[in-house]
Amino acid sequence: MKFLSVAALSAALMLGGLEAATAQERGGIMHYGRYADSIFIEPVLNDANVDIWIMANIYETLIVPTKDGKGLLPGLATEWSVNPAGDAVTLKLREGVKFSDGTPMTAEDVVWSLKRASNPDNGIWNFLVASIDTVTAPDALTIDIKLKHSDPTILSALSVFNTAIMQKARFEAMPGDTDQAKAEEYAKNPVGTGPFILESWDRGATMKLVKNPNYWGTGEDGKPLPYLDGVTFEVIPDDATRILKLQSGDLDGAEFIPFARVAELDADPDINMELFPSTKVNDIIMNVRPMLDGKPNPLMDDKVRQAMNYAANKDALVQVVTYGVGTPLTSFMSASTPMHAGDTPLYPYDLAKAKALMAESAYPKGFETSILILAGNQDDLGIATALQQMWGPLGIKLEIKQMDNASRTALYRKGTFTMRTGGWTNDIADASQITSYYAYSPLIDSRHTGWKNEEVNKLYEASQSEMDVAKRTKQFARIQEIFNSSGPILSMYATPYPVALRNNVHGFFQIPLGNNIFRETWIAK
Amino acid sequence: MQLLSFIFRRILHLLPTLLFILIVVFVLVRLLPGDPASAILGDRALDADVERINRELGLDRPLYVQFFAFLKSVVTGNLGDSIHLKIPVAELIKKRLPVTIMLTVMAALIAVVLALPLAFVAALKRTKPADAAIRGVFQVGLSMPVFYSGLILLTVFGAKLRWFPVGGYGDGFLDHIYHLFLPALTLAFSLSAILMRSLRSAIIDVLDAEYVQFAKAKGIGPGLVLMRHVLRNALISTVALFGLSIGTLLSGAVITESVFAIPGAGRLMIESIYGRDYPVVQGMTIALAVLVSLTFLLTDLVQAWLDPRVTR
């Protein structure tokens, strides 16, 4: 008898323990340290990552990206289909969705939100849904979108933040004559369908989100999401201070951990040092116009650029600048981008080959040039100093010029810069955006470098309406082949999003596009 | 009466100074390469978007038109809206400037509390070990950069000992003071070193003065001699130095606000300059100029009280 009761007790304890290990705990406020404050939490008119990355917690889209950023999941729409011609999309809306103020979400809200997002007068993101021609709701739960032409990116576009669903009646009731004016009023107390509501915002200091009592999502325990009572963002621009607060337990999580501190936090038993895969690429952008500053431009020479690529040791750069956290790039776009092609690092280090190429070029003895880097940025300085040494043997004298972002952007946009450090993160899970900025010259002269390739331009234009996935993949593969071998970019390495969380934080993730997802986050007591 | 006309004359002098500052900041910030739209949009910027935003902001109008619009707005008290944050500049100033003022006032007070008594000790015990020790410690405080000393204080007294919060500003007046103590202490280090050295020299000079010898000869106790004769006279030059150091304090506040995550005007100013947020830079500069001028006026008044000969 005694044996049985002891056995039963141990079994009960064991099962109970097992359950506690996997069951989410509810309640509590998560304190998250950010490096900068948000600016304008508005889906259509925002223009900064600091807004985009937290918006999904307040506003939701019809389709939602998967954790790895490559697939699509139901969001406010539960099913969808694209017609064979690729120029019409039909979506079924999720039933019973309410806005945070209790008002039911209607088809009219969806129609209005999509029309507003695709209006070319509104903001800078409308190009993502430029193919939208008409949006109608044949019944309360169906949305019909007709496109101007076949658009293989439309489903991904419907998972991007600017197509988030807002409340039409509330927006139109806002004071103001322009969309901008109404949007500013609406953003003061944003009403979306997301798991959190903005409770208060002490600009530059703290932003408090609280759980949305009307949220439609349910957790693994069958009760409504989110698990947390709220999220409080604290703005701590200084990296050292932000990490200090995390280590002391005042913060539950902190973003943008400098690479130099990753190993230290990884070794900390109380901290979980996450390196979320990202779409972030780091590169050097070179001006390839024939003349620069009234003189012939050495960077215009293909062989010169190839030599510079071979002489730049990416593995060394990864060690020196990212402390081993980065990975050399296999294409100009990150490996997390759909339609990425290439499985070997670009231009493996080969100084002999680099010297041979320089000898064949129009500048066998080398030349003097300069690079524009961000003043006070440790990573940029590390990259530039390393390149200075790596290009020395080729006879290239590199002058390092430090300037603030706005000054550098002015030279960059004018196309009068020589070289600059650069990078990119995707805003959509598709290869088209990064390709349009980097390789498709009509948009911004291939990252303002003056590079142009007619075959690439034609391939890009074709890819914008090519519905056959195999054909489209081939088009992007060819674009990457041409651009990676003769483009104006020196692709260096990809870096993840370094986020440090305390050990008792679970269910938080950052998708490759950058969105911070708190929807299913919970904190163990 | 003489004091009143002195104050009045000083305030009158303020107006052309402010106008001059207005012109300088307006021109300077526009001389910087780059524009607000490009700064906002960054690498994603398309020409059409940049032109549209700059047009909406009125930045395509001729400079003199923009300047007169700016002057008009200052006179009517409307400082415009922040380009980046899309809220009125006046609101931003009202929110952020008091934070920096509180920080600098606390730093100034701490600096005085540190410098005053120790300057006396150092002066009275000059050339003895105590004097050398005091001067040595203050020298270290003077040479340590703010971001370094700040981080050390934060780590030891904030994160490890938990005596003070790890950065931030808090809620409510007393909570603000609690949060600002460590940053104010950090800021106070270099100022207290400067004040201490100046006051020590002034005290030494005064101690040797004839009227002090006379006071001692009359039989007045040493304490009274110190308070009534030495202190008042020694303070004059130090008060002037104190006023001039306000500028240094304010610029030190910028770094301190970053390290301690304080939502003050210093950080806002830097971010606005980087972002070419002209209305905020202009508005904040005027506010700071008025503030600094009033501080000078205040220190001049204190000097006048200490030494009425100044008002003539």
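B:Phe120 is partly exposed, because 18 C-beta neighbours lie inside 10 Å, and a residue needs 20 or more to count as buried. The model is predicted. B:Phe120 sits in helix α5 of chain B, which covers residues 89–124. Its separation from B:Arg267 is 147 residues in sequence. In space, the C-alpha atoms of B:Phe120 and B:Arg267 are 36 Å apart.

Chain B contains 12 helices and 0 strands. The C-alpha trace of chain B spans about 85 × 55 × 35 Å along its principal axes. Chain B has 312 residues, of which 35% count as buried. Contacts in chain B were also sorted by sequence separation. Among those between residues at least 6 apart, 73% join residues at least 24 apart.

Chain A meets chain B through a contact that takes 30 residues from chain A and 34 residues from chain B. On the side of chain A that touches chain B, the elements giving two or more residues are β10 (230–235), α7 (239–247) and α13 (405–414). Of these, α13(A) gives the most, with 6 residues. By class, this side of chain A has 12 nonpolar, 8 polar and 10 charged residues.

Strand β10(A) also belongs to an open sheet of 7 strands in chain A. The strand order is β8-β9-β10-β1-β11-β21-β12, and the pairing is mixed. The edges are formed by β8 (196–202) and β12 (271–276) of chain A, each of which pairs on one side only. Within the sheet, β1(A), residues 29–34, runs parallel to β10(A). The two strands are joined by 6 bridges. In this pairing, A:His31 has A:Thr232 of β10(A) as its bridge partner. Helix α8(A), residues 259–267, lies across β12(A) and β21(A), the latter spanning 497–502. This helix runs at about 135° to β12(A).

The loop between α6 (179–186) and β8 of chain A holds A:Lys188. A:Lys188 counts as exposed because 11 C-beta neighbours lie inside 10 Å; the cut-off is 12 or fewer. A:Lys188 and A:Glu42 are 146 residues apart in sequence. Their C-alpha atoms are 9.7 Å apart in space.

A further open sheet of chain A has 4 strands in the order β4-β5-β7-β6. Its pairing is antiparallel. The edge strands are β4 (77–82) and β6 of chain A, each pairing on one side only. On average, neighbouring strands of this sheet are turned by 20° against each other, direction ignored. Strands β5(A) and β7(A) run antiparallel and are joined by 5 bridges. Here A:Ala88 stands opposite A:Lys146 in β7(A).

Helix α3(A) lies across β5, β6 and β7 of chain A. Its direction is at about 180° to β6(A). The helix covers residues 107–118 and has 12 residues. From first to last C-alpha, α3(A) reaches 17 Å, close to the 16 Å expected at 1.5 Å a residue. The buried residues in α3(A) are A:Asp109, A:Val110, A:Ser113, A:Leu114, A:Arg116, A:Ala117 and A:Ser118. The elements that cover them include β5 (88–93), β6 (132–139), β7 (142–147) and α5 (168–172) of chain A.

Elsewhere in chain A, strand β17(A), residues 367–374, runs parallel to β18(A), residues 396–403. These strands are joined by 8 bridges. A:Glu368 has A:Lys397 as its bridge partner in β18(A). Helix α12(A), residues 378–391, forms a β-α-β unit with β17(A) and β18(A). The unit is right-handed.

Terms used
Residues are numbered from 1 along each chain as its sequence is written. Chains are lettered from A and ligands numbered from 1 in the order in which they are written. This is a predicted model: local features need pLDDT of at least 70, side-chain atom pairs count only at pLDDT 80 or more; totals for chains, interfaces and linings use all residues. Two strands pair if DSSP finds at least two bridges between them. A crossover is right-handed if, with the strands pointing away from the viewer, the path from the first strand over the helix to the second runs clockwise. Two residues are in contact if their C-beta atoms, placed from the backbone, lie within 7 Å. Ala, Val, Leu, Ile, Met, Phe, Trp, Tyr, Cys and Pro count as nonpolar, Asp, Glu, Lys and Arg as charged, and the others, Gly among them, as polar. Axes are lines fitted to C-alpha atoms, for helices over the stretch in contact, and angles run from 0 to 180 degrees between N-to-C directions. The expected span of a helix is 1.5 Å times one less than its number of residues.
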